[in-house]
Amino acid sequence: MSDTENTLPKPGRAPGPWDPKPGSAPAAAPTPATASDRGQAPVEKDQSLVWAAASTLLMAGFLWWITGSVIVAGAILFGLFVHEAGHALVMNRVGMGPARIYIIPFLGGLARGRREPRSEWDGVLVSLAGPAFGLLAMIPFVAVGLTTGQGEWMAGAFFIAMLNLVNLVPAPPLDGSKALGPVLTRVHPRLEQIVLLVIGVAVVWWGVSTGRFILAVFLGLSIVAHLKRGVWRPAWGTLSWPEAGKSLVLYLLTAALCGAAAVAALMPMVEGSPADAVRLGLAYLGFGR
C-alpha cells in the first residue's frame, strides 16, 4: 500500500483525482509559505525504533496466529517489507522522497513520501511498483522449497504472490485504487464508483464465506468512505488518454505476473499441474473446501 494522496494541487497543473474536492474548504487568509505550499508534506518525526520493532512483532504474531506456520508468516512479513520498499524506491526516483516505510499491525504496511506526485502518471508508477517489486521476495522461499522439497516454503512464496495480487484490487486503500482508479475516471467519472460498488459487495461476500472478517470489514469500510465522497473528479484533471492506455497495460501485466507467480509457486506441490495448482491456491484462500 502506498500513500500518494495529494493534499494540495500543485501550481501549473490541472487538478488530479487525489486533489481536494473543489469548494470543500473555505478560503483562508494569505499566510507565510510553508512546506505544503511548496508541494512538500510537513516534516514528520521518524517512527521510533521501539514502536517500529513493536509494530513488526505484533504483525509477525498476528500472521503466525492466522496462518499457523512460522515459515508462511515470515514469508508474508518479508514480502510486506519488499513490497513497500518497491513503493519507496519509485517515490524517491520520481522526487517524492525521502520515503518512509511503516508496518501497521493487523493491517499491513505503508510507504509514505515527503512530497506529492508531480502527476497522476507518477502516482500510477508508484502504486504499481509495490506489487511488481514485491514478487522478488519470493525468490529465497522458492529456492529453499525446491532444494528441500518442503511444501511450506512454496506455500510461503504463494502467499507473497497473493499479497501483491490482492493489493491490485481497485479498492481504497489498496494500490489498485491508485493505479486503475484514474484510468476508470478517465473513461467516465461514474465508472470508478460502479466498480467500487461491485467490489464492495464481492469483498463482503468473500469475507463472510471464508472467515476473513478483519480484511473484509477494513476494505468494506474504506470503500464505503470513498463512495460517500461522491463523484467530483473532473475527467480532464486525470490522466491523458495515452497515459491511461499505458496505465491500463501496466496494470494488467502486473496482475498477470502476480497471478502467474502464485500458480507457479504451487505447481511443484501438485506434480506440475497448473489446474491442480489453481485448485490448491483457491483452497488456501478458503474456496472449494
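Is glutamine 193 buried or exposed? In this predicted model, glutamine 193 turns out to be buried, with a relative accessible area of 11%. The cut-off for calling a residue buried is under 20%, so glutamine 193 falls on the buried side. Its place is in helix H8, which runs over residues 191–210. Looking back along the chain by twelve residues brings up glycine 181, and the C-alpha atoms of glutamine 193 and glycine 181 sit 9.2 Å apart.

Aspartate 122 gives a second case of a buried side chain. This residue belongs to helix H3, and its relative accessibility is 11%, so aspartate 122 counts as buried too. Setting aside residues up to four places away in sequence, the partners that aspartate 122 touches are Val94 and Pro117.

Next comes the pairing of helices H4 and H5. Helix H4 covers residues 138–148 and helix H5 covers residues 151–166; their axes come within 7 Å and cross at roughly 155 degrees. Angles over 145 degrees count as roughly antiparallel, and H4 and H5 are therefore roughly antiparallel to each other. As for handedness, the H4 and H5 crossing is left-handed. On the H4 side, the residues making the contact are Met138, Phe141, Val142, Val144, Gly145, Leu146 and Thr148, and they meet Trp153, Met154, Ala157, Ile160 and Ala161 of H5. Sorted by class, this contact between H4 and H5 is made of ten nonpolar and two polar residues, with no charged ones.

Met138 shows up again in the nonpolar core. The largest such core has 41 residues, and within this set Met138 and Phe158 are the ones that touch the most other members. H5 makes the largest contribution, with eight residues. Once neighbours within four places in sequence are left out, methionine 138 is in contact with Ala157, Ile160 and Ala161, and also with Ala261 and Ala265. A separate core of eight residues lies apart from the largest one, and its members include Leu174, Ile199, Ala216 and Leu219.

Notes:
Residues numbered from 1 in each chain as written. Predicted model: local features only at pLDDT ≥ 70, side-chain atom pairs only at ≥ 80, totals over all residues. Heavy atoms only, no water. Axes fitted to C-alpha atoms, helices over the stretch in contact; angles between N-to-C directions. Helix = DSSP H or I, 4+ residues; strand = E, 2+ residues; numbered from the N terminus. Parallel < 35°, antiparallel > 145°, perpendicular 65-115°, else oblique. Left-handed = near helix turned anticlockwise from the far one by under 90°. Contact = heavy atoms within 4.5 Å. Nonpolar A, V, L, I, M, F, W, Y, C, P; charged D, E, K, R; others polar. Buried < 20%, exposed > 50% of the residue type's maximum accessible area, 1.4 Å probe, protein only. Core = buried A, V, L, I, M, F, W, Y, C linked by side-chain atoms within 4.5 Å.
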